[in-house]
Amino acid sequence: MEILNLRGIGKSKYKVTALFMGIVMLLCGCRPFSGLTVSDVNTEDGTETMSNDSLISVGFSQLGSESTWRSANTESVKAALSTGNGFFLIFDNARQKQEKQFKAVRGFISQRVDYIVICPVIQDGWDVVLSEAKDAGIPVILLDRYISVADESLYTTFIGEDMYAEGASAGKWLESYLEEEGIAGEDINIVVLEGTSGSSAQAGRTKGFGAIAARHMNWNMLASANGEFTQAKGKETMARLLHEFDDIDIIVCQNDDMAFGALEALNEAGIKTGGKGEKVLISFDGTKQALELVEQGVINVDIECNPNSGDLLSKVISDLEDGNPIEKTYYMDEKVFTKENVSEYIEDRNY
Ligand code: AHR
């Protein structure tokens with residue numbers, strides 16, 4: 001965890017002077033935490049003279065760094081919650097372990113941060129640790145992925161993506177595609193490379209796509225397998241599925257990294273995607289590399305999952321600071337990219 005140990009400071013909003021920060025960093029041998037660089041606070045004589053601004057302290061438990069999307073999400077939060085914007089960010093990477101997220105949250109509580117932001121790796125199991133945050137009077141903001149708790153007052157707000165809608169968009173695109181190709185009545189065989197089991201991204205996309213698939217008796221779900229949202233696991237899983245089934249028509253990858261891995265396995269097997277008579281490849285996220293593959297006709301459709309939630313997060317925290325009303329749920333804007341519309345979005349893609 002990139003932290004400054006602020007235990008024992010008895011107020012909720014730290015008056016952070018650079019002198020204080022410099023001394024603590026020197027004593028602890030700490031690296032400056034993510035939102036703050038030494039150059040932000042240094043002066044000629046080595047005395048730290050950052051102004052006495054009040055900074056809003058935020059503990060951020062990021063679930064990992066498994067994908068291109070995840071890195072973009074982390075960068076978005078770090079950029080938005082910078083010291084220049086009035087924040088004091090304490091960042092922790094849980095490396096896909098919920099236990100590590102619990103530990104990070106408890107660390108944030110003991111440091112008495114102003115806000116806790118969590119990208120939860122899986123949906124279940126949050127009740128106890130969030131009760132501890134609630135008892136400490138620290139608002140919890142869920143980012144990106146949703147959780148399943150009996151008591152919704154355990155978190156203040158959710159800012160993220162509508163995973164169910166994303167899955168349903170993939171299903172609806174496939175419906176139209178099969179119609180356009182004149183093969184809507186034919187039997188089709190589908191395999192799905194799913195993301196992290198038990199995550200809201202995996203569960204939502206699976207349910208959303210499943211709801212559309214359930215309308216079609218001729219959509220045969222051959223297999224769903226866990227590709228863990230990573231390129232390596234996507235490749236391994238796709239290779240295994242190709243070995244098991246020789247009649248796959250549609251490949252649904254629940255993120256772009258798994259799609260890149262799947263494409264490696266498909267290329268090695270000499271199998272093509274995207275074109276007429278070739279396998280259909282559906283992906284999620286909308287990374288620049290994937291959009292280029294949509295443009296080239298290798299990926300048929302890419303359902304956007306928008307990682308740039310940092311600015312909205314910063315605005316919601318500012319609203320909470322000012323006592324303005326906030327929503328319980330904020331969904332990010334998301335698009336569906338096909339060969340027909342993708343070109344105009346590629347240049348500006350930042351991830
Ligand atoms: O929760 C968002 C998902 O997690 C993205 O689709 C994926 O790339 C990431 O790992």
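Tutor: Two strands are said to pair if DSSP finds at least two bridges between them, where helices (H or I, at least four residues) and strands (E, at least two) are DSSP runs, numbered from the N terminus. The model above is predicted, so local features need pLDDT of at least 70 and side-chain atom pairs count only at pLDDT 80 or more, while totals for chains, interfaces and linings use all residues. Residues are numbered from 1 along each chain as its sequence is written, and side-chain values use heavy atoms, with hydrogens and water left out.

Student: How many helices and strands are there in the chain?

Tutor: The chain holds 12 helices and 12 strands.

Student: In which sense do E6 and E7 pair, parallel or antiparallel?

Tutor: Strands of a sheet pair through backbone hydrogen bonds, either parallel or antiparallel. Here strand E6 (residues 188-194) and E7 pair in the parallel sense, over seven bridges, and Glu 194 has Asn 226 of E7 as its bridge partner.

Student: Which strands stand at the edges of the sheet?

Tutor: The sheet is open, with six strands in the order E7-E6-E8-E9-E10-E12 and mixed pairing. Strand E7 (219-226) and strand E12 (336-338) stand at its edges, each with a single partner strand, so one side of each has no neighbour in the sheet. From one strand to the next, the twist averages 20°. Helix H6 (residues 163-180) packs on this sheet, touching E6, E7, strand E8 (250-253), strand E9 (280-285), strand E10 (301-304) and E12, where contact means heavy atoms within 4.5 Å. The direction of H6 makes about 155° with that of E9.

Student: At what angle do H4 and H5 pack?

Tutor: Two packed helices are described by the angle between their axes and the distance between the axes. Helix H4 (residues 98-110) and helix H5 (residues 127-135) pack at about 10°, with their axes 10 Å apart, which makes H4 roughly parallel to H5 (under 35 degrees, on a scale from 0 to 180 between N-to-C directions). On the H4 side, Phe 102, Val 105, Arg 106 and Ile 109 meet Val 128, Val 129, Glu 132 and Ala 133 of H5.

Student: Is Ser 314 buried or exposed?

Tutor: Ser 314, found in helix H11 (residues 310-322), is buried, with a relative accessible area of 15%; buried means under 20%, exposed over 50%, and partly exposed in between, with a 1.4 Å probe and protein chains only. Leaving aside neighbours within four places in sequence, Ser 314 is in contact with Ala 80, Leu 81 and Phe 87. Across the chain, buried residues make up 53% of the 351 residues, and of the contacts between residues at least 6 apart in sequence, 74% join residues at least 24 apart.

How values were computed
Parallel < 35°, antiparallel > 145°, perpendicular 65-115°, else oblique.
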